[in-house]
Amino acid sequence: MPNVRAFRVVPNLPERLRPLEDLARNLWWTWNPETAHLFRRLDPDLWEASHHNPVELLGSLTQERLDRLAGDEAVLSSMRRAVDELDEYIERTSWYANSFEAGDEMVVAYFSAEFGLHESLPIYSGGLGVLAGDHLKSSSDLGIPLVAVGLLYRRGYFRQYLSRDGWQQESHPAYDFFRLPLQQEMDGAAPRKVSVEIAGKLIVAQIWRAQVGRVPLYLLDTDIPENDAEGRELTDELYGGDQTHRIRQEVLLGVGGVRALRALGLQPTVFHMNEGHSAFLAVERIRQGIEQEGLSFDEAIEAVRGSSVFTTHTPVPAGNDTFSSELIREHFASTCARLGISLETLMGLGRIRPDDAAEPFCMTVLALRTSSQANGVSLLHGSVSRKMWEGLYPKVPVEEIPIAHVTNGIHIPSWYSREVARLYSRYLGPRWQEDPRDQDVWSRVNQIPDAELWRARGRLREVLVTYAREKLQSQLRRRGMPHALVRQAEEVLDPDALTICFARRFAVYKRASLLLRDPERLARLVNDPERPVQILISGKAHPADQPGKQIMREIVHLASASRFRHRIVFLEDYDIDVARVLVQGADVWLNTPRRPLEASGTSGMKAIVSGGLHLSVLDGWWNEAYLPEAGWAIGNAEVYESPEVQDQVESEALYDLLEHEVIPLFYDRGADGLPREWIARIKESMKSYCPVFNTNRMVGDYTRRYYRPAHERTVRIGRQVHAGARELASWRRRMEEGWPGVEVLDLETEQGDLPVGHEMPVRAVVRLGRLAPEDVVVEAVHGEISGGGNLLQTESVPLIETERRDGVVVFRGEVACRRTGRRGVSVRVRPVPRLNPDNPFDANLVTWWEHEKGR
């Protein structure tokens, strides 16, 4: 190929339209429907063709059209109003500013492998990315001082289409970043870049920025001339390639992301890892602590741990990234040499059993070992995660393992429909948007007239049906189907029929085909002439997931049968655009994961905002949210040993729910034609769930429970001199060296039957060796006794030092006998937590009374 000199062509906007460029490059418009509508007005056809991308739209308008728009006072008035709204939004006093002291310089760095902000920026695959995108939007709304870091994938995540036989096919179009709502970060006249050594090769990445309201999202791109072909492909696509490609992307995200923030002059006080993909950031921060701050390895870990927060989204061990010791050696041997540590020391940070050479390196373990706080994403997932990672805390009761939960939510303004939003504004007032956490505001949902709410629901269902018909025709034409079949697609679905939607990743455990297990029963349901039902399905399978693809193919084949063709539709290429139409138009949002494999799930929350109702297995968020008057539950939270039995039982339970509760309730109309009981359930759902399951509440929880404490630890440890890190490392060494000498010698309690309400005295004799009583917490731990002799549902009571004699210390206290039954008590000793007072097992050192020794 000849040498090429690149140049850039930009829209030649008339002066009066120049503000459109700034509006287009702040993704605030993605949750401001009036501004999005303004862009659509410029050219509706180009708006659709650009996949709702205003930057591409502006670059595609003819000069003649631009000149006409420059004289359109209606367009100019809408533009000026949007500019004023954005300015007011950026400058208004935020929740964070009102809640915390100014000038304390907290900055949160939020790392994620994917961000789902809008369909026009395809750097997401599914729920993890959409949750991350909503996290940024609510951080902007609340004024959280947060910056985000990710990768900019040239080919994004794959686009899906189906073969004539229903098999998923993948395409990977390349995107022109200059035509996306992005801006290059500049260093003078040149793009700002960072470099990372990856497997002995220097990789250079340029930095782009997506502005999300007040929050900047910095994205790394290696597809630049400084890199060879292999280096340029490092950011080619999301979740593509083999294990070597995956680890190199994760090194770039973690190590390169930290370096990018420093190159931009940012000094975060809190690092939040959204899943384990970015956990190598801890290694880079340890390196910086050693080489730039003069810390030892142990001291650097303390500094990193104190300022790090980790969120796990994975409910099964197989879902966590692991790498072989050979891959870790290839990518980190030189780093270990520079830091003066062995490769095994680094490997130990990523292993449950640090000395087990056969155990691979796990990114989740690395994140847990280098964070002071960790959480799952629902109440149930927190419990599942504690059980999954109990090997990291071998002497800690499962329920006390320091993995908490912050239940996910949704960014309500990104998902509501304009029809329902108008009702909210009319009857709830403006605060439903200003503070969606306000339960008093949502209680006013009862003031919305039933007839108005039902009309809005009818319009949304009609929009969905029209969208599905057009998309289905396009799909059939692309597959080369007969013209008659394409014409029939104009008549599929019914805008008045009960509409059930199912859309998500086609992983096997999601059980997309649960409703389709009994085709004869299903045919009777959907084709009932008096009470018809229609089902819309969408979703992608990972390119390597052959079982997921097979399930999809079976669904497509079933939907194409003559008896289902007008009632069941599969929509290809599931993305945020498809999801938005589905969640707004669905009467019932169906969720059928195999419990407890759904970490949270948020699509049902999105449907509720526009008046859909949730029907789900009691898993993820629904396990803690379900109310009989506001939705439906499949089963009673059972877990079966046989997946086949579970699928059969829950499929029948789902059919029963539909036949006996859901469908009759929808079609039970009064004299005025309104399904009053159904509408009452919609209102109860909105009141109960909207103020709780939103990302403003979620981000507020992260801020109060995680970000602020981590920031305060950073300040306490000392960002510059790190005196606190040295003190913590010294304390940890002293605890670890002295702990073998800690022993509970004896436990004395009352025997026999004790009455409820009795305060049972407890006396423990403890040898502390080289440690002092002030170094430790001694606790009586009591609870039910299982058949195997283990304590269940434990409570702990601190014991007080009462005497010292002959090298031992006596501790005393009382245990309240509040419940009848077979109970038990033991005693444990642990260090007084120093890094995080809220984590009693911060040092991960625990000694229990051993019965045989005690006797």
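Begin by selecting H21 and H29, whose axes come within 11 Å and cross at roughly 85°. Because angles of 65 to 115 degrees count as roughly perpendicular, H21 is described as roughly perpendicular to H29. Keep in mind throughout that this is a predicted model.

Show side chains at the crossing next: H21 brings Asp450, Leu453, Trp454 and Arg457 to the contact, while H29 brings Arg676, Trp678, Ile679, Ile682, Lys683 and Met686. Sorted by class, this contact holds six nonpolar and four charged residues, with no polar ones.

Helix H21, which covers residues 450-478, lies across S17, strand S18 (533-538) and S19, and runs at about 70° to S19. Helix H29, residues 676-689, lies across S17, S20, strand S21 (613-617) and S22, and runs at about 75° to S21.

In what order do the strands of the open sheet stand? Selecting the six strands and reading across gives S19-S18-S17-S20-S21-S22, with parallel pairing. Strand S19 (568-571) and strand S22 (631-634) are the edges, and since each has a single partner strand, one side of each is left without a neighbour in the sheet. From one strand to the next, the twist averages 20°.

Now zoom in on the pair formed by strand S17 (residues 498-503) and strand S20 (residues 588-591), which run parallel and are joined by two bridges. To find one point of this pairing, pick isoleucine 500, whose bridge partner in S20 is valine 588.

**The largest cavity**

A search of the whole structure finds five cavities of 30 Å³ or more, and the largest of them has a volume of about 70 Å³. To display its lining, select Ala113, Leu151, Tyr153, Leu238, Tyr239, Arg246, Gln249, Glu250, Leu253 and His277.

Which helix gives the most to this lining? Colouring helix H10 (residues 243-263) separately will show its share, as H10 contributes four residues. By class, the residues around the largest cavity divide into six nonpolar, two polar and two charged.

**The second largest cavity**

The second largest cavity, with a volume of about 60 Å³, is displayed by selecting Thr30, Gly116, Leu117, His118, Asp134, Lys137, Ser414, Trp415, Ile576 and Arg580. Helix H8 (127-142), helix H17 (412-415) and helix H25 (576-585) are the elements that give two or more residues to this lining. Its classes are three nonpolar, four polar and three charged residues.

For the contact itself, select Leu131, Asp134, His135, Ser138, Ser139, Asp141 and Leu142 on H8, together with Thr695, Asn696, Met698, Val699, Gly700, Tyr702 and Tyr707 on H30. This contact comprises six nonpolar, six polar and two charged residues.

Key: Residues numbered from 1 in each chain as written. Predicted model: local features only at pLDDT ≥ 70, side-chain atom pairs only at ≥ 80, totals over all residues. Heavy atoms only, no water. Pairing = 2+ DSSP bridges. Axes fitted to C-alpha atoms, helices over the stretch in contact; angles between N-to-C directions. Contact = heavy atoms within 4.5 Å. Parallel < 35°, antiparallel > 145°, perpendicular 65-115°, else oblique. Nonpolar A, V, L, I, M, F, W, Y, C, P; charged D, E, K, R; others polar. 1 Å grid on protein atoms, 1.4 Å probe; cavity = no way out; pocket = protein on both sides within 12 Å on 5 of 7 lines; lining within 4 Å. Points joined across faces, edges and corners; volume = space filled by probe spheres on them.
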